[in-house]
Amino acid sequence: MALSEHVRGARAMPPRFHWFWPFIREEELPWAIMTARPGEQIVLQSIDREAAPRAGRHGPVTVVRDLPDVRRNVSRSAWLLSRSGTYLQRAVARQRLARSSDFDLLHIHYFNRFTDFLAPLTHPLVISVHDVLPHQARLGRGEQLLARALYRRADALVVHHEALRDRLVEALAVPSGKIHVVPHQVFEAPPTPAPPRDHPPMVLLFGALRPNKGLEVLLDAVTLMAGEELRVTIAGRGSPHLEAMAREAAEADPRIHVEIGFADLERKHQLFADASLVVLPYTAFESQSGVLHDAYAQSRPVVVSDVGALGETVRQDGTGLVVTPGDSNSLAEAIREVVQPREWALFAAAANRVRADRSPERCGERLRTVYDSVL
């Protein structure tokens, strides 16, 4: 039900917000908690999976884990039918929750472009845009048409960096006044000391293994650094082809360690704590990076490609070095430079400062002002 239909008892009652966030992880929940002002409530709808926050009350936030997860072990011929069914079930569950409660605003944190451009949506409506256009464009130019149709439905759009706002305006003609920049939160993590200097530096590539993530670029850079004291950890899961490429590289080079699979929160913290720096050698990107902010959470310097919001963010933050996408030589040189003690200390200190500025408290306050603009 839209706010205009009931006016919330002339504001006698604090507002209630519906967050649709299928893929939320436990460490992201503090942002929701810090977005609510005293007396307000957020009902957060997520997939029923181990990585999600536990169902139930978390202060002002109630987590409802009623969204179905995708089936991963289906044949290629059954993939489309399986995914379509899951996406439609999620849209139905969202609408069911919206009808069952009196919400003042719906915030879709992760939309599905194949269903949400037509699915019933309540208003006021805020949509977070993580990927201006998808990493894997399955529909060619049709992706832009889908994106425009969906973005037009929102009362406000939220992006995590000015570069993404500019991209929305330039590529999809979205009115700039509709777009709000709220920085990506830096996740809460235990204090992390600097890695010991009597060990070879460890370079971490973390997250989903997709063709745009630059795994091949990193492996080429490591080859260029043959004979140098270095450790490389590749942790994640994704394309079977890329998983096999990582395993083969580890078999050929003892400096490379591979962990294929999902890393729970404890293991993720340990991986970043062991790292000297985090690399994001992406070859293409239309987004801001959660992995970048995982690095900031544990005060780790970074080396990133100049794609999406990555390059501008790191230059502005002073947290590492920016290299040309696909340039293995530049990546190798940047890794060598970042692990030098003086540079490492400067970049790590900058990451620590960003951690304070993009805390869940500050990012929650900024997001809540977006809601004010549309209520």
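Mentor: Two residues are in contact when they have heavy atoms within 4.5 Å of each other. The model is predicted, so local features need pLDDT of at least 70, side-chain atom pairs count only at pLDDT 80 or more, and totals for chains, interfaces and linings use all residues. Residues are numbered from 1 along each chain as its sequence is written, and side-chain values use heavy atoms, with hydrogens and water left out.

Trainee: Which residues is isoleucine 335 in contact with, leaving aside its neighbours within four places in sequence?

Mentor: Isoleucine 335 is in contact with Val203, Leu218, Met225, Leu230, Leu277, Val279 and Val303.

Trainee: Which residues touch the most other members of the largest nonpolar core?

Mentor: A nonpolar core is a set of buried Ala, Val, Leu, Ile, Met, Phe, Trp, Tyr and Cys residues joined through side-chain atoms within 4.5 Å. Buried means under 20% relative accessible area (1.4 Å probe, protein chains only). Here the largest core has 30 residues, and Ile234, Val279 and Ile335 touch the most other members. Helix α6 gives the most to this core, with 6 residues.

Trainee: Which residues of helix α5 are buried, and why are they on the same side?

Mentor: An α-helix has 3.6 residues a turn, so residues three or four places apart point the same way. Helices are DSSP runs of H or I with at least four residues, and strands are runs of E with at least two, numbered from the N terminus. In α5 (residues 162-172), Ala163, Leu164, Leu168, Ala171 and Leu172 are buried. They lie on the same side of α5 because they cover an arc of only 140° around the axis, taken from the directions from the helix axis to the C-beta atoms.

Notes:
Buried < 20%, exposed > 50% of the residue type's maximum accessible area, 1.4 Å probe, protein only.
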